[in-house]
Amino acid sequence: MTVTPEALREKRAQLVAACEQYAETATPDAVRSFDAAEEEIRAIDGQLESLSIRSRLDAVKAKNGQLVGRPEVRSGGNDAELARFFATRGREGSGNMELRTTLTVGTAATAGNTVPQSVMTGEFIKWLTFSDPVRDLATVQTLPANLRLPVINARTTVTATAEGVAYTESNFTTTLKTFGAFKATATTPVTEELLFDASIDVAAEVVADHARAHGRYRGNKHINGAGTTEERGLFYSSTDWNGIIKTGATSTAPDFDDVIAAYASLPPAYATNGSWIMNQATWAALLQLKASTAGTYLYDGMQGMMVQEGAAGLLMGRPVYISQDAPTFVSGTESNLIFFGDVARAYRIVDRKEIQFIVDPYTNSGTGIVNYRSSMRSDAQIVDNRAGTLITNKA
């Protein structure tokens, strides 16, 4: 069966539409589906390119066998294209991302095709959420300037009042939270030889790797950040929360008594929307707890083991999310080990615009180096300390 370019383009459009849905969901299953679809799109692009070359070759043969140069050894862009590049300052693309790059004529094998806008956006969104369960659960905003957010820390109370008795004055009070923009960057120098000779799309791989790195960096800060030159993390300090659950000693690991106490310590409005966040080792230790040395596991029931929407399981009917950045239990060392709470109410992430990605072929052009640079500016803080609690191994 002959595959036509029209059929390939239709299939490619379907895959791109599916990738957009996967990027919106950003669950582990969606990420795997995105990766598979991305590979299929690249394969289709290769087929389309091959068909295009064959059709050009057929056209040349029809004209008395004129010679044709192989696409991978063609020269770069002409003067008109170079002039257009400088006139536009190399600014291409639109939407949330900005890409500045040289425009050349070439095939994908010689890095003539630069990274598409949609690929960059999708990769960054995918890895920012996949590497960071806190970001997936928190309230996230994107603003062009610092955010000044009044947060209520004491509420109005109502008092029973007899007839003829004066009203009792009561007011809510607020504190002001100011969100700045902490900058994180990465740069990758790539030689011209690698870009020209590589059989893979090096530029796309660089973008994907930067996305993973930014996702990992922000994921760590949303857990452990100190809040001075970086975001304030959920686990950083037990004093950030209205109350904490103590295991009784630094040598005592969390157990199900602590889990029940943490759930019960939150007001029902928060607990019913709560989520658990912990390291995988902490989750495994809870699963291994038994009634006695040879007894049955305390954690019973397959319903609690079902993975739903990225959760590893359920505790007290609420989902458990794994963060590789959450502290692990070390006997004798005090650590905040488990978070429980309504993350959307407790934690806010404010991004300054979107991730910026710049391709710089000029700074080190004399040595044949192209610099790929990415940056992201963001801040995050706890905005409601009654919406969450920590389980910590301390007396």
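Analyst: A residue counts as buried under 20% relative accessible area, as exposed over 50% and as partly exposed in between, using a 1.4 Å probe and protein chains only. This is a predicted model, in which local features need pLDDT of at least 70 and side-chain atom pairs count only at pLDDT 80 or more, while totals for chains, interfaces and linings use all residues. Residues are numbered from 1 along each chain as its sequence is written, and side-chain values use heavy atoms, with hydrogens and water left out.

The chain has 395 residues, of which 38% are buried. Its secondary structure comprises 11 helices and 15 strands (DSSP runs numbered from the N terminus: H or I of at least four residues, E of at least two).

The part in question is an open sheet of 6 strands with mixed pairing, in the order β7-β15-β11-β8-β10-β9; two strands pair if DSSP finds at least two bridges between them. The edges are held by β7 (244-246) and β9 (313-315), each of which has a single partner strand, so one side of each lacks a neighbour in the sheet. On average, neighbouring strands of this sheet are turned by 30° against each other, direction ignored (axes are lines fitted to C-alpha atoms). Within the sheet, β8 (residues 275-278) and β10 (residues 318-322) run parallel and are joined by 3 bridges. I277 has Y321 in β10 as its bridge partner.

The loop between β10 and β11 (336-341) contains D325. With a relative accessibility of 11%, D325 is buried. Its side chain makes a polar contact of 3.3 Å with the side chain of N220 (N or O atoms within 3.5 Å, one able to donate a hydrogen and the other to accept it; residues adjacent in sequence count only if both atoms are side-chain atoms). Leaving aside residues up to four places away in sequence, D325 touches R216, G219, N220, I223 and N224, where contact means heavy atoms within 4.5 Å.

The structure holds 6 aromatic pairs (ring centres of Phe, Tyr or Trp, its six-membered ring, within 6.5 Å; planes under 30 degrees apart are stacked, over 60 edge-to-face, the rest tilted). One of them is the tilted pair of W241 and F339, at 5.3 Å centre to centre and 55° between the planes. F340 is buried at 0% relative accessibility, whereas Y263 is partly exposed at 22%.

Helix α7 also includes V202, which is buried with a relative accessible area of 11%. Not counting residues up to four places away in sequence, V202 touches V190, L194 and L195. The C-alpha atoms of V202 and V190 are separated by 8.8 Å, the two residues being 12 apart along the chain.

Elsewhere, ring pairs link F256, W283 and Y299 into a cluster. For the chain as a whole, residues 24 or more positions apart account for 74% of the contacts with a separation of 6 or more.

Methods
Axes fitted to C-alpha atoms, helices over the stretch in contact; angles between N-to-C directions.
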